[in-house]
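Here are some notes to read with the structure open beside you. Take the points one at a time and find each place on the model as you go.

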Amino acid sequence: MKLIVSTPFKSVALTFLFLVSVLSISSQVTYTWNGTVSSEWNNGSNWTPVGPPLNTDHVIIVASPNDPGLSNDVTIEDFTINSGVLNLAGFTITSEGNHSFFGGNILNGTFQSNTGVLTTFSSTTFDVNIDITSERIVVNGGVFNNPVVLEQNGATNSGGTGNAIFNAPLDFTLSGTAFFRTNGNNTFNDDVFLTNNGGNYLLLELTTASVYNGDVFITNNSTSNVRMAFEGNSVFNGNIEFNNTSTGQIVFCERATSSATLGAGVQMSIGGTGFDSGFLTLRNFTQVDATDQSLTLGAAAVLASINNVWDGNVSFVASSAYTTNSLYNGTAYFEKNGAGTSSSGGNTFNQTTTLLNSSGNEMRFGVTNPDIFSASLSLLNTGTSTLQVAFNSVGNEFNNNVVFENTNTGNVYIGVNGGSSTLANGFDFQIGGLGFNNGILQLENVNQIGLTPQNLSVGTNARITLENNIFNAASSFISGRMFLLGNVFNNSVVLEKIGAVNDNSVGGNTFNASTTITNSGTGYLLFANTNPDIFNDVLSVVNTGSNIIYLSYNSAGNQFNDDVTFESVASGGIVVGNGGGTTQLGVNVDLLIGALGFDSGDLGLNNITQSNAINQNITLTGTARILSQNSTWDGEINFVSPRLYLLGSTFNNTTYLEKNGATNDDSRGGNTFNVNTSIVNSGSGRIRLGSNVADAPDIFNADLVLRNTGTDRIMIADANLLNEFNGNVQLECNLGAGIRFGEGNGTSILANGFQFSIGALGFSESVLRFRNVTQVGGTPQALTLTGTGYLLSQNSTWDGNIQFIAPRIYTDGSTYNGTAYLEKTDATNDDSPGGNVFNQTASIVNSGSGRILFANTTPDIFNDETTIISNGSSQIWMAHNSIGNQFNHNIIVESTGTSTGVEFGRGGTGDVTLADGFTVTVGAGGFSTGTLRIQKFYAIRIDRTKVLLFD
């Protein structure tokens, strides 16, 4: 080092300080006791050199003829005893420097130091009180028969061999920045007080165990640690008290080869200053009896129990109270009340165990190794986070009942992160007396052994989650919310949702016994959102709530392998395959309605395929609706419902569909009916098929019966294009608004060889509308309506001979390629706009009391002989108000009875072209009443000139 002094004053000052230092050092004398004269300390002749020593001197005590003794308190600088006996005679030695205790014995008094530099204990026996504060303290042995108070406050580390025996209390404090440690093999036969106020650790068993026969009081006020029983098998035969006011640790048995034994009756406790932060780690402890242990740490402290054997009851409460590879032969209570780490597992609990999370952070067990619970287990969450058991380890065991309770918003999980467990035979999962009213109760990867029923019922705000479990016994799960994934139920199971929040279960479940699924809540309950569910026994689906149960929602390959019973008595309903999921009905599977009935909501039967031709008979009531979308039915179908909706389904057997409710129903189309079908509307709302022009048409490949006995209508082939009727179509209507083809401008085809006909019930009410119907082939069509029936043919093509008799007749833009017979029988006037083409003989008959009018806006064309007969009490108006009507063959007119005649062009602008060579004549029935008006008749000559015949 280079020292630069720039002024004479500084030079003088430094010289003075140097001289003072030299004088101070040179003034210390080392006095060795010779005891040649007497035992008197103050007799200078007993010292070498002649003394006595002063307070700045170094004293060495060795064996001599006369042992030294005090007659007053003595202060010295340094002290060494190598041998001999020092009798303090009740007085005090105060040493302010180095203290070396290498042998001998000190009796009767107090040895103290407040400013020691190095204190070394070796082979000395102390029968005095010791109160030493020293920068370094080294313990290499010694026997201490009186109380000892030690404090190390320096910056240099101390490491002694240990081997000390304390037969009186020891109070040791570490307050410096250096560590203090001994190799161990210490024996403490009285109380021990260990305090760390420093910046480094305190350790007493670096290589060898110690024995503690008195109580041990450990206080850590440091950010570092107190490290107990570091190596060997230490024995604690007295109580142990812990205090921690900082962030450091109190840790036992850090080495894997270390252990600790708790003697009979020994208890651990938390002291008066508390344990509010840091770690208390108890590792490799074994109790020799069943003394209870109760430790409650603060909300920022962690308590770890690792590789211990506890024969007594334990109660551990801490910010994180966790345990690893420990054996609990008494009851165990763990409570987590703050932030902290997780238990890796490997524990065995042989008596009743309670795990409580009262914090806002996760509490985990079985993270790496499985836990075994051989007695009842209570899982209680009063906090806002999660209590997790069997978290990520395989082979956890629940060999007794498991009780769940939750009083806050937190959750309780078993096996949530891939861990697996077994529930032993004879035991069950239960809800405790505090209930489970919030949060999630999740059971994952649990394999139930045996046939003990499982019944869990939680509150409306709670959720039960079941994932990849195997339940071999009858089970019942009732919850505000419900989630299922990959479970196997080998016995009957009841699943009921009672809450308001929607639930989407992923699916992949197998139900091998009878299953009941109930929604009594206000949120929907959804199954098989991703993976298919398989039901191998009877399934009962019950909705008493206000939302929906969805089955087979969005996954392919769901299976119903036994009968399925549906019930819905609230506003919810039950829907299969709504999200595109597919379902296979097994052999001889019936779809049934249960005892409660089905009077509200939808019964959605979507994307279902039958395996055989068993009949399906379903009757809904109230306001309920049946939906069949993209399903294939091989058995006979008998669906009766207030509402009815069909889309893209295939019916391969006799089908009966009846709507009997008040709400309108519009089916989009794309359905195929391969066997005789009956569609009935007995309700007060319409039923419409083929309502969406963008969808595929409906195809009827066998006979069809359309029956309207309600107060509204049947609309068929409504807006879709190219609907097909490949069988006979029987029409019946005795009430309501009739039966209507193509009302929404849809088109349809009646295949060759088939007919429209009126069934036994007749057609006595409202409208029978044919719009955009094309008949293929020459099969005659004969329809007779009665009552107030109204037959309309709009933009249709008839290839066969037709005979339409109805109270009311309307024809617009239609083409008649066979003979046509149109008869009106009612009192209401009927005005057809025209645009019709009659390519063979036509007969227009009015036998009613209301007029019938043709070509009101668009001309009609008659290409063969036309007979016009008015034999009722009104008239027939032809070519009424349109220009360009054509009669390309003879016209025969008749008017009899009370008829008011036949009139052409009465509207004023209507005209007629009568083809060259043809005539207007009166038929065999005569024209005995009314008016024959022939107005604006033209003839076309051979030279194509137009000649006015009548005006």
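1. In which order do the strands of the open sheet of 7 strands stand? Going across, the order is E91-E94-E97-E100-E103-E106-E109, and the pairing is parallel. Please keep in mind throughout that this is a predicted model. The two edge strands are E91 (781-784) and E109 (920-927), each of which pairs on one side only. Stepping from one strand to the next, the twist averages 10°.

2. E91 pairs with strand E94 (residues 802-806) in the parallel sense, over 4 bridges.

3. Strand E100 (residues 842-846) pairs with E103 in the parallel sense over 5 bridges, and Ala842 stands opposite Thr866. Strand E106 (residues 891-895) is likewise joined to E103 by 5 bridges and runs parallel to it. Here Ile869 has Glu894 of E106 as its bridge partner.

4. There is another open sheet to trace, made of 8 strands in the order E12-E15-E18-E21-E24-E27-E30-E33, again with parallel pairing. Why is one side of E12 and of E33 left without a neighbour in the sheet? Strand E12 (158-160) and strand E33 (320-324) stand at the edges and each has a single partner strand, so there is no neighbour on one side. Within this sheet, strand E24 (residues 249-252) and strand E27 (residues 277-283) pair in parallel over 3 bridges.

5. What about empty space inside? Rolling a probe the size of a water molecule over the atoms shows where such space is left. The count comes to 1 cavity of 30 Å³ or more, and the largest cavity has a volume of about 90 Å³. Its lining consists of Val139, Leu150, Phe166, Leu170, Phe172, Phe180, Thr182, Asn186, Phe188, Leu194 and Leu204. Strand E14 (170-174) and strand E15 (180-182) are the elements that give two or more residues to this lining. Sorted by class, the lining has 9 nonpolar, 2 polar and no charged residues.

6. Is Asp718 buried or exposed? Its relative accessibility is 1%, so Asp718 counts as buried. Leaving aside neighbours within four places in sequence, Asp718 is in contact with Arg688, Leu689, Gly690, Ser691, Gly742, Glu743, Gly744, Asn745 and Gly746.

7. Some places in the backbone are worth checking by eye. The peptide bond from Thr48 to Pro49 is cis, with omega near -10°, and the one from Gly51 to Pro52 is cis as well, with omega near 10°. Pro49 lies in the loop between strand E2 (47-48) and strand E3 (58-61), and Pro52 is in the loop between E2 and E3 too.

8. Positive phi values are another thing to look for. Ala229, which is not a glycine, has phi near 50°; its place is the loop between strand E21 (226-228) and strand E22 (233-236). Asn795 is not a glycine either, yet its phi is positive at about 50°, and it lies in the loop between strand E92 (790-794) and strand E93 (797-798). Which of these is buried? Ala229 has a relative accessible area of 0% and is buried, whereas Asn795, at 37%, counts as partly exposed.

9. Finally, locate Gly271 in strand E26 (residues 268-275). At 12% relative accessibility, Gly271 counts as buried, because the cut-off is under 20%. Setting aside neighbours within four places in sequence, its contacts are Glu241, Phe242 and Asn243. From Gly271 to Thr811 there are 540 residues in sequence and 104 Å in space, C-alpha to C-alpha.

Technical notes:
Residues numbered from 1 in each chain as written. Predicted model: local features only at pLDDT ≥ 70, side-chain atom pairs only at ≥ 80, totals over all residues. Heavy atoms only, no water. Pairing = 2+ DSSP bridges. 1 Å grid on protein atoms, 1.4 Å probe; cavity = no way out; pocket = protein on both sides within 12 Å on 5 of 7 lines; lining within 4 Å. Points joined across faces, edges and corners; volume = space filled by probe spheres on them. Nonpolar A, V, L, I, M, F, W, Y, C, P; charged D, E, K, R; others polar. Axes fitted to C-alpha atoms, helices over the stretch in contact; angles between N-to-C directions. Buried < 20%, exposed > 50% of the residue type's maximum accessible area, 1.4 Å probe, protein only. Contact = heavy atoms within 4.5 Å.
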